[in-house]
Amino acid sequence: MKKTRSLSILLAILMLSSTVCGTVSCGSEDNPNPTDSTPPQSTDSISVESVETDRSQIKDELPVKDYNGEDFTILYRDEWSYEFLAEEQNGDIINDAIYARNSVVAERFNININLIGLPGTYNSNTFMTAVNNSVAAGDSDYDLITGYQANMITPAMEGYFMNIYDIPYINTEAPWWSEMCNDSLTVNGKLYMTTGDIALTLWDNMYVFYFNKKLADEYQIPNIYDIVNDGKWTLDKLYELSSTVSSDLNGNTIYDENDLYGFLTSPQNHMRAYMVSCETPITKLNSQGLMEACLNTERTQTMLDKLLRIHWTDSCWMKNAALDQPNSTQEPVIFTSDRALFMSGYLGTASNMRDMNTDFGIIPYPMLDENQDGYRTTSHNSVSMMCFPVTVSDSEMSGIITEALCAESYRNVIPKYYDIALKAKGARDDESAEMIDLIRDGLTFDFGWVHSVPMDSIGIIIQDLINNNSTNFASAWATKEAAVNNGLKKINEAYVNNVN
């Protein structure tokens, strides 16, 4: 039986108590049973099974331990410090929830949570230099590393991280970890990074769609929630509905940022998520249990053709930089001023729309077609991945404390996070609450995308083709195929040869 992580009942209660009238930026991957890799969704009727569960009563299975005030050192990224750093209570809901989480775990195991923050964006060398130097020197500086997903691949391949399945007390089947992440990133029985409710970037960075209820009413759009639940929210349906909405409002005969659109999106990161939502993976496990490339298929070409039709029309505006990065604080003005029916974004984007007067709804990224077995989404590659250096002094301690922090986040931080989403008008109806559950349950990670950098950055191939309005996937693939296979060979060798 699939374990449900739904929050619909919780959200309904919060909405009834909310004084607000009327996606997480992150903040993402979210959890089905790890023994069942396919969410039980039928395209005849996509629905979410909600249960009345008090999360505070869901216990972990950790032993009683007293570490006598020992330091537990976490290396985190300064740019996303809110995931771990809360020096005192200050009235901010998320800060106070993180403070409470850290305090509960510290008291429970009599430890001192020692937090070390370093610049850790994709282009920053500071964080990675600290990781590499520490492990190379054999130093046990860090008990847990929480790094930028795309950057963690290289040290993992070089044997710097432990196999998470070998770490005592990390229960990857627990609802606070991302089951699909674990399934997708496991090769040869090895998993070098994972994520879950310990990382608010998993939620903030989760790719979602928004729709403007006012425009949906004005243009007599059928009930969008019903379309999703009936398994009909596809690329074709997005094109059908969005193409009915466009207008040169300022009459200058040029469609620009001042006009009306059926679809508002970004030319960069948002394009990549379709490779997950449309189930066109870059790699797959072969009969030897290793990864091989599988992107060059008719299905991928079909997806590209559909996406080009959607994006290269007067009904679509894709020059909105405010949407591209999940940690952006910019308001997506075209959407909030009622000039876009649909908008792709992150769950955390809702926090930038607090002042929007019009109601909006949250729905998943569309499927390729109605034959797909369910909705899928992923999280931007800046999501924090939990990694354990091979030099940790006590792997059992690392496992216990990390598991405790993640479980406590599941019980008491994530519900507060949802409360914030409600107050930001992110989910103020029962339907949107159910949609967020549906999105979270379909969160997954494509191994090839996560490992894209060693494979000639293959993860941006669809993005580049869309931006160039090119249908020639075969040609683009041909230019990268050798580099992809060479990179994949090195990746497989790392997962086979690393003894960690």
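Analyst: To begin, a helix axis is a line fitted to the C-alpha atoms over the stretch in contact, and the angle between two axes runs from 0 to 180 degrees between their N-to-C directions. The model discussed here is a predicted one.

Consider helix 9, residues 235-242, and helix 12, residues 298-311: their axes lie 10 Å apart and pack at an angle of about 15°. Helix 9 is therefore roughly parallel to helix 12, because an angle under 35 degrees counts as roughly parallel. The crossing of these two helices is left-handed. On the side of helix 9, the contact is made by Leu235, Asp236, Leu238 and Tyr239, while helix 12 contributes Met303, Lys306, Leu307, Arg309 and Ile310. By class, the residues of this contact divide into six nonpolar and three charged, with no polar ones. The charged residues are Asp236 of helix 9 together with Lys306 and Arg309 of helix 12.

A second pair is formed by helix 3 and helix 4, whose axes come within 11 Å and cross at roughly 20°. This angle makes helix 3 roughly parallel to helix 4. The crossing of helix 3 and helix 4 is right-handed, whereas that of helix 9 and helix 12 is left-handed. Helix 3 takes part through Phe127, Met128 and Asn132, and helix 4 through Asn151, Met152 and Pro155. The contact of helix 3 with helix 4 has four nonpolar and two polar residues, and no charged ones.

How much of helix 4 is covered? Helix 4 spans residues 149-157, and eight of its nine residues are buried. A residue counts as buried when its relative accessible area is under 20%. The buried residues are Gln149, Ala150, Asn151, Met152, Ile153, Pro155, Ala156 and Met157. After helix 4 comes Gly159, whose phi is positive, near 85°.

Gly459 sits in the loop between helix 16 and helix 17 (461-467). With a relative accessibility of 2%, Gly459 counts as buried. Beyond its neighbours within four places in sequence, Gly459 is in contact with Arg272, Met275, Ile282, Trp449 and Ser452. Gly459 and Ile282 stand 177 residues apart in sequence, yet their C-alpha atoms are 7.8 Å apart in space.

Trp449, a contact of Gly459, also belongs to an aromatic cluster with Tyr207, Phe209, Trp233, Phe263, Tyr274, Phe342, Tyr346 and Tyr365. The count of aromatic pairs comes to 21. Among them, Phe209 and Phe263 have ring centres 5.4 Å apart and planes at 15°. This pair counts as stacked because planes under 30 degrees apart are given that name. Phe209 lies in strand 4 (residues 207-212) and Phe263 in strand 6 (residues 260-264), so the pair links parts of the chain 54 residues apart. Phe209 is buried at 0% relative accessibility, and Phe263 is likewise buried, with a relative accessible area of 0%.

Val105 is found in helix 2 (residues 93-109) and counts as buried at 2% relative accessibility. Leaving aside neighbours within four places in sequence, Val105 is in contact with Ile111, Ile401, Ala404, Leu405 and Glu408. The C-alpha atoms of Val105 and Ala404 are separated by 6.5 Å, although the two residues are 299 apart along the chain. Ser184 belongs to helix 5 (residues 179-185) and counts as buried at 18% relative accessibility. Not counting residues up to four places away in sequence, Ser184 touches Met291, Thr444, Phe445 and Phe447.

Terms used
Residues numbered from 1 in each chain as written. Predicted model: local features only at pLDDT ≥ 70, side-chain atom pairs only at ≥ 80, totals over all residues. Heavy atoms only, no water. Helix = DSSP H or I, 4+ residues; strand = E, 2+ residues; numbered from the N terminus. Parallel < 35°, antiparallel > 145°, perpendicular 65-115°, else oblique. Left-handed = near helix turned anticlockwise from the far one by under 90°. Contact = heavy atoms within 4.5 Å. Buried < 20%, exposed > 50% of the residue type's maximum accessible area, 1.4 Å probe, protein only. Phe/Tyr/Trp six-rings, centres within 6.5 Å; stacked < 30°, edge-to-face > 60°.
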